[in-house]
Each structure stands twice: as structure tokens, then as C-alpha cells.
Amino acid sequence: MESFQSLSECASLPRNMIENSMFEEEPDVVDLAKEPPMYPLEPDDVVYEPRSSRLLVRGLGENELDEEEEDYESSARLLGMSFMNRSSSLRSNSSPYGGPAAGRACSFPSARSLLVGAFVLVVVASVSMVIYFLPKCTFTKEGCHKANQSMTLIYPIASNGQLFPWTSMRLPRVVSPVHYDLTLQPNLTTMKFTGSVTITVKVNEDTKNVVLHSSGLAISKISVVPVGGNQPKPAQYVEYHPWQQIAAQCPETLQKGKSYHLKLEYSANLSDSSYGFYKSSYQDKDGQRRWLAATQFEPLAARMAFPCFDEPAFKATFLIKINRDKEYISLSNMPKNKTTVVPGGFYQDVFDKSVTMSTYLVAFIVADFKSISMEANGTLVSVYAVPDKLDQVNHALETAIKLLDFYNHYFEMPYPLQKLDLVAIPDFQAGAMENWGLITFRETTLLYENTSSLLDKQLVTIVIAHELAHQWFGNLVTMEWWNDLWLNEGFATFMEYMSIERIFPDLNVGDDFLATRFRAMDKDSLNSSHPITTQVATAEQVEEMFDSVSYVKGASILLMLESSLTEKQFQRGVVKYLSQHKNANTQSEDLWASMSQLTKEANITELMKSWTLQKGFPLVTVTRNGTKMTLQQEHFLLSVDNSSSSSSYLWQIPLTSINSSCSNASSCKNMILLKEQSATIYVPEEVQWVKFNIDMEGFYMVHYGEDGWRDLIILLKNNHLALSYQDRASLIHDIFGLARLGKVSIQQVLNLTSYLVNETSTPPVTEALLQLNHIHRLLDKRGLLQLTARMKAYILGLFEKLITNQSWNEVEIITQQKLRSSLLGVACSYNHQKCIEKAKNIFLNWTESPANVSIPADLMQTVFTVGIQHCDGWNSLLQAYSSSPLEAEREKMLQALASSADIRKLIWLMQTSLNGEIVRTQELPLVLTTISKNFEGHLYAWGFVKENWDKIIKKFNLGSFAVHNIVMGTTSQFSTRAQLFEVKNFFGSLKDKGSQLRSVQEAVETIQLNIQWMDRNIEALSHSL
Ligand SMILES: [Zn+2]
């Protein structure tokens, strides 16, 4: 998926994260996350859900088994598997269960069955006794571990009061799905759907129970029949809601090696979140509301549409049939095979049997969309949208065809399906989703009008490139479990930049990638960050994996690897990995193993593991003494109390450098692999300066010490063009980071930034603006009027010449658009007189005659933000927002509306967004983060979040990117102890409704760091400015 992010800020989350939830802005401050448990399913950790409904069952011989074996064994017993072979090594076996006894069909009740029945009764009775006598702490999260260490087996109680025969969020491997035959009939009047699914399963171990996922489905009937059999037998089932699992209790033992059909019939409501099989609507040009139903399954929502084995490793084929009314079309992953009329007068679309794939990639849509298509190399590519917006899909179609061709060649493996649909969905929380053959998008990430800015075009192109890359990385080869999500997302993010640089160089995506790497480092420098590969156990933890560590840090370490190898070597490694693991599931090691086969020069596995298994990144400190340079690495960790010891962290760093004697040619680049804590290199005596981490291709920061920084600052002031603009931007980023770490003073930072009066390149200017404006906002929120005004004057002074030189007419170069969009946005927000006058005039002309006045799209937000502050500007913009068919334009209008200083308007806007009237609910995170940037509304936004938390987490899942952005967006500029106390207090009171979220830890850590920064720097700042 791509998470959603907006283009309008200097710093935002990777566009790629557009898929899932990623369409929100990354707050422009660093954020932090907690360290998740390393072993997610240890019995102690299993206790988190309904604490009052679990039973403890004393295991047999627990002293002889470790906890994990014990857990499996007991589950296996409850699953109906006859016996455990205790001597077998459970974890080395492909099945977690030892060899069971031969099947004993339950159709022959025997003395043994009676014994089993009696045993169950005894267990139930014992359990009741145990509950009665256990202390209360047994059912709390904290439990009584020390006092009751022998009682480690915990079985949930199913919704009907029976024991649920499984103890883990992960499904057992007792049976494997092979094929799903799925029929769905959504009703877009009642907003309900009915479904029937026949799952063909292969039995790996004898069992009577089949545990699978189901969420919110009212199951009316289950039956089971051996493949080839003709007499299905009804089965009962029990359900355990917290894990969204059901266990079908078969009338007979399913025998190892055989296959069965498990048929389930059910009904449900179409979801009113944007998750699962959900309803959406739009207004057509006549003002009529039109309904549609679409899906978003990644990561855990296929189970909301049909009972299934909803884990990525359970790949199967799918035959999908959709019953619909005549006025709709239906779409699914595969091409439509035929349409027939079925009882009830419905049209049934039958799709081809799919390739083997994971459940989270299944998709279907019922809507009245229209499309345009073109065939390319045997694939029919189509782009769908609501009928009134069909004129905005041409760019997407052309782009998809070019990129498909690129990937077909790069991966040396053609796209395997006959068709590829790209569909813009009116309600869509993520940015886009890579469902195989049926990619879904937000309207802003697929539709492009020629009047939109190049930045909007860049966004659409990036998202398409990302989703198409997933058709190989993710769909064809899939991560085994969500702990390795980066294999999907890091790669798709890396490929999106790489492919666009080659196919659409004018879009200049390299600069965008650079800026997102800076932001990913900011997040990764916090204690609350996590390793790229991280154990995940709960649904929230799975959701939380869709963050910039998986996406951007993942992509960054691939960039670092590619730049350490040759491009050709890297590509051959990728091709080898894909061909070796086609249609299968992988872990990170598989990727490194494939890459390692191509080069003997480096131990790629060892090198890359140091980046995927440790959180954070290294700081390399350089100390020069004459010709000798000492290099030392340590964990770059922003910490308040230095409590987190990380001295054992060690990375293998491909350390690159240039120096004053040779800096322009690519041959000037030196590289060493820094594996130890320290190393020494030598430079000629006459070398005046050295710059490390060339073009910021490595994921590390560098501290040059007092002398080294002095030399570089002199260079920047005298001849900044001696360094690439990427290097200049990275010096700016690093020195602000080092100031946060306390390694350099704020005076040194301002000494460096003073060179910016001569800077004209976009990345250094936008990075400096972002960093300085962040400080300005912190000061502003503290009500430090004088200091805020001086900071403002300092920033405007640095960029005065550049601001004055900006044109307000159309420009055709994306870097210029990006530069003036950031620069004039900040200038107008600081009440720069000329900026305000210009923007105000354009706005007034536009409101008087919108048809005849076109505002350059990259300046729209600035113009609107100024315009709404005058006269009736806000109301006229709201009117324009309600009627504009252009999503990219609407988003800029919305951000302007949310920048008002009128509190009543802001409150109305937040409420309206939450309700989904006029402003779609998916925009709420954007509305809240925009309001929070300004002094006037920030406390109201936070108050709104507190008051509406329950509603917010119903609309957006706990752990989702949307919730992350809401939490961080509304709190990341707090910098007082009282605010820290309040934030801690509020989230602490939420218990299982959010207190454990990584984003909450990020928020707390960020506020603590803000407080520390203010304590350290306010005085120095007041002397320096
Ligand atoms: Zn993705």
C-alpha cells in the first residue's frame, strides 16, 4: 500500500505509503515509537485481550517443555488432534504439531470418545474451580506471573461460552487453503451483502477443528465434505472475537494428506469505515448521490468480506463471482470470464480463476464507474473513475503503460495477468492499494488534470510506480509475515523512485526521495523507533508497521546497497530473488541470500542485517589530526535522560567521502566499509575539508567536530557550489540533528545557515525552511512573542532576495514550483508584505472571475490561505471547495480553510470532517494537522481529539497511519511540562483503546525532546538572533 501524504508540506511521509493509510501528512517534527515485544506470542503476552474472558488451563508436564511448545501442544489437543509426539522438535517441523495418531473418524463413537468427553467435563469442572480459587490478578494484564509461573496456558472463551480451541493470533498450520470459490451479492440499497465461500483445504495433520479468520460476518451455515465426496455434513463453529477467529468443528476427523471442501454461508453489513468490503458514495453532476462498494483488505480485513485464512503465507487461488444489479459493473483481480442472469434477476459476473495469491491482495468493486483502456504487450490496461471525472484519467493510463513496460524489462519477468485495472475510489483512506490486477487509489493519487501542478503530477506518477512495483514485490513474492513488511514496502518505494528517475526524469523525484530520507531519519533517531524487521503480534502492531521505517528506511538501505554495488549487480540480484521465490513467501534473509550469490566482494547478509535488525542509525564522528582522521560510530539516539544504553549497536557502514582536492568527478568518491567502532584513514596534508556520506546515499549522519564544521562552513560561505546540492541539504539536516543531540550549539547552526543568503537550489532551501520554521512554531506556541518575531525576521532575512525573485506566473520546472511553493508559503504565513499583497490580489481576481483567472497550481494553497483571511474569503472558498471536481485543487482549498484564525470555523471544520459531510472523513487527519500548525487552533485540535477519541478510532483503526498522524500532528509542537503531563494522562487513561500505541510513545518522546530543546536553547537563541 501507499500511505497517504500531502505534497503541500516541505516534509511529509513517503508518498508510497499511500496505499494503506498513508494519506496523511507526516508532522514536520521528529516522532518516536516504542520497542515492541520481541517474542509476540509468549504466553505472558497473550493475556492482553479480554482479561476477564480467558481461562487458564494447566498444561501437562509443563516443566519439560518450553513455553512455546507447551502453547502449541495444548492448542493442538484442543484442536482435536489426537496426540502430540513430544519427542519431535516442534519448531523444526513444518507443522508445529508432532506426528499424530492415525485418524479416528468421529462417526464411530467409541469408548475412547466417551473417555474424551469425560475428560472435557473434568477439564471444565477443574477450570471452574481454578477460576474460583485464583486471585483476581490472574485475569489482569499484569497477571500474577511470579506467583503462578506454572500456569502458562491460556485458552480464550468463545462467544458462546465454550472453550475456543486455539491460543494464538497466528493461525495453526494444521490445514492449508488451496482454493476459494467465492460468491458475493452486495445490495447497495440496504447496504448489506450475502456471501458464500467454498474453501478447498489440504490437511497437514489430523484434526477435527479448522481455525480461520472471520470478522463481523453472521455465519448461517457451515458444511464439510471430502474433495470428490457428494454428501456435505453440517459443522458447528465457535468464534473468538478478539482475534477475529472462528473454529469450525467438523463432524468427522479431517485426515492428514486428504483435501476437503469447507463451505460457509454468511451475511454482513457493508462496512462504513474504509476497511473491509465497504460502502462509498459520490455526488454526480446532477447532485444525485451514487453508491458503490469497494474493498481494502491489507493488512487484516479480507476476513471482513469472507471467512478465510487471512495471513500472507496462506496463498491460494480464487474464483470470484459477483451478483449485481444491471446498472452497475463489477471488477475483481482477474478478467471477467462471463456474465449470466441468476435467480432474483441479478447479473452474475464470473471472473477467471486467479493466480496463487495472499488474501490481502483480493479485491472487488461494484460501482457505476467508466473507464478508458489500452492494450500493451498483451496486458489490457484500464483506468476507472466516476463518470464525471473520466476526463482526468489519461495521464494515469499513459504512465501505467510506460511503467509496466519498464518493470517487465527490469524484472526480466512479464506481468503475469492479462489485465491491469487502476481505479479511483471516492472514499479511500490509504493512498493506494496494490491488489493484484485491480489497483485502487484515492482520487488525488490517480486523477490528474492538465491545470494541476507538476507536483500533483509527480504524486500521481510516484503512486502508480509504487503500486506497479508491488505487482512483483509483494504480489508475486510476498513477505512471510508482517514483521518483514519492508520487503514489500521498502522495495516498492525504492523502485518507484528508481523507475521514475529513468522514465520521467523531468519529474525530479530524486529530490523528493532525499527529503523523505531526512524525515525517516528524524523518526528513526527516537527511542520509540523500531528495527526494520520487527516482531509483531497484535492487530495494532501489524497496522503500525506501515510507517516510514518500513517504507523509507527500507528504501534507503536498498539505495545504500545499490550504490555500494553496481547498478547491474543490484538488478541481477533482484531478478534472481524474484525468480527463486516466485509465488512463494520470503523473509529478509532470502533477499540477502539471492543478492549474495552475485558478488564475492562483500558479505551482503552480514552488512544488511546490521541495518534491518537494529533500530536507529549510526552517527559517525570524524576527528582530524593533520593527515590522520579518526572515525568513530555510535547510535544516533535522541534521548532525554540517556537511559537507553545502546553502546552495543554496531553497523557496517559503506562510508563515502570526497575532499577539497577532488570533489567534482564521480571518480573522486572514496569508500571504506566501517565495521568496527572506530577506524583511521589518512588524507593529504593540504586537504582543507572533507565531506562524508556523498549525496546522502547512506543512512547515517556525520559529525565533523568543531574544526571540521568550521572548515565546511567556510566552504559554504565562500563557494557553496563546490558541494552538490544534496550534500548541502544533508549538511543542513545533520547540523540541526546534532544540535538536538547536544553535539553542536545553536550558534554553530545559525553560523552555517547564514550561507543560505546565497543559496538558490531547492533541496537545501526547503530543508532549511523546514528546520527553521519548526523552531519558529515551537517558539510561537510558547507565546514567546519577541523571540518569535526575531526568528521570523531572521528567516525572512535569509531568504529575502529569493522571495522577491519568485515569479507568481506559471513556471514549468518542477524544482522551481517546489521552491516557490515552500518559500512563498512560509513568507505569506509570516505576513511578508509583498507576498501578502500579491496573494491577496490574485485571490480577489479569482473570486470575482474564477473562470478567467487561473492560479498556478503550486501557488494555490498560499493564495487561498491568504485569501480566506479577508472579508468573505473563507465562505467563498468553502463554496468553491464543495463544487470543484478536481481533487488536487480541493485538497489545497481544504488546507487553506483549516488555516483560518477563526476558531468557530475551525471547530465546524473538524466536526464536519469527522461526520463526513462536505469534507470526507478520510481528510480528518489532514484537517487536524493543518489546524495544529497554527497558534490559533492548535489547542482546539488537541481538545477535539480528546473529546472524539472513541469516534476517531472507529473511523480509523488503532495503529493506522491516520491515527498516527492525528496523534503526532496534534501534539508534536507541545513543549511544556504541563502539556507533557496532560498528553501522558490522556493516553494513559485509554488503556486498550490506544495507550500502547507506538505513536503515543512517539508523541511523549517528542514533547520531552521539545522541552529539552527549549531549556537548552532559548537563552542562546535570544542572544544570537
Ligand atoms: Zn506499498
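Student: What should I know about the model before we start?

Tutor: The model is predicted, so local features need pLDDT of at least 70 and side-chain atom pairs count only at pLDDT 80 or more, while totals for chains, interfaces and linings use all residues. Residues are numbered from 1 along each chain as its sequence is written, and side-chain values use heavy atoms, with hydrogens and water left out.

Student: How many helices and strands does the protein chain have?

Tutor: The secondary structure comes to 28 helices and 31 strands. Both are DSSP runs numbered from the N terminus: helices are H or I with at least four residues, strands are E with at least two.

Student: Why is Lys818 called buried?

Tutor: Buried means under 20% relative accessible area, exposed over 50%, and partly exposed in between, using a 1.4 Å probe and protein chains only. Lys818 has 19% relative accessibility, so Lys818 counts as buried. Lys818 lies in helix α17, residues 814-829, and its C-alpha atom is 9.9 Å from that of Asp512, 306 residues apart along the chain.

Student: And what makes Leu939 partly exposed?

Tutor: Leu939, in helix α24 (residues 935-947), has 48% relative accessibility, so Leu939 counts as partly exposed.

Student: Why do Ile907, Leu939 and Tyr940 form a nonpolar patch?

Tutor: Patches are made of residues with over 30% relative accessible area and no salt bridge; nonpolar side chains (Val, Leu, Ile, Met, Phe, Trp, Tyr) are joined within 5 Å, like charges within 9 Å. Ile907, Leu939 and Tyr940 form such a patch on the surface, with about 280 Å² of accessible area together. Accessible areas come from the Shrake-Rupley method with a 1.4 Å probe, and for residues only the protein chains shown count as cover.

Student: Is Ser214 buried or exposed, and how do you know?

Tutor: Ser214 has a relative accessible area of 1%, so Ser214 is buried. Ser214 sits in the loop between β5 (207-213) and β6 (218-226). Not counting residues up to four places away in sequence, Ser214 touches several residues, among them Glu239, Arg303 and Pro307. Contact here means heavy atoms within 4.5 Å.

Student: What makes β27 largely enclosed by the rest of the structure?

Tutor: 7 of the 7 residues of β27 are buried, so β27 is largely enclosed. Both faces are covered: Ile653, Leu655, Ser657 and Asn659 on one side, Pro654, Thr656 and Ile658 on the other. In a regular strand the side chains alternate between the two faces of the sheet.

Student: How do you know which strands β27 pairs with?

Tutor: Two strands pair if DSSP finds at least two bridges between them. There are 5 bridges from β27 to β28 and 3 from β27 to β30, and both pairings are antiparallel. Thr656 stands opposite Met671 in β28, while Ile658 has Lys691 in β30 as its bridge partner.

Student: Why are β28 and β30 called edge strands?

Tutor: The open sheet has the order β28-β27-β30. The edge strands β28 (670-674) and β30 (690-692) each pair on one side only.

Student: What about β11, why is that strand described as enclosed?

Tutor: 6 of the 8 residues of β11 (residues 276-283) are buried, so β11 is largely enclosed by the rest of the structure. β11 is joined to β12 (residues 289-296) by 8 bridges, running antiparallel. Their hairpin has 5 residues between the strands, and Gly287 there takes a positive phi near 85 degrees.

Student: What makes Lys389 and Glu887 a salt bridge?

Tutor: A salt bridge is a side-chain nitrogen of Lys or Arg within 4 Å of a carboxyl oxygen of Asp or Glu. For Lys389 and Glu887 the N to O distance is 3.4 Å, so the pair meets the cut-off of 4 Å.
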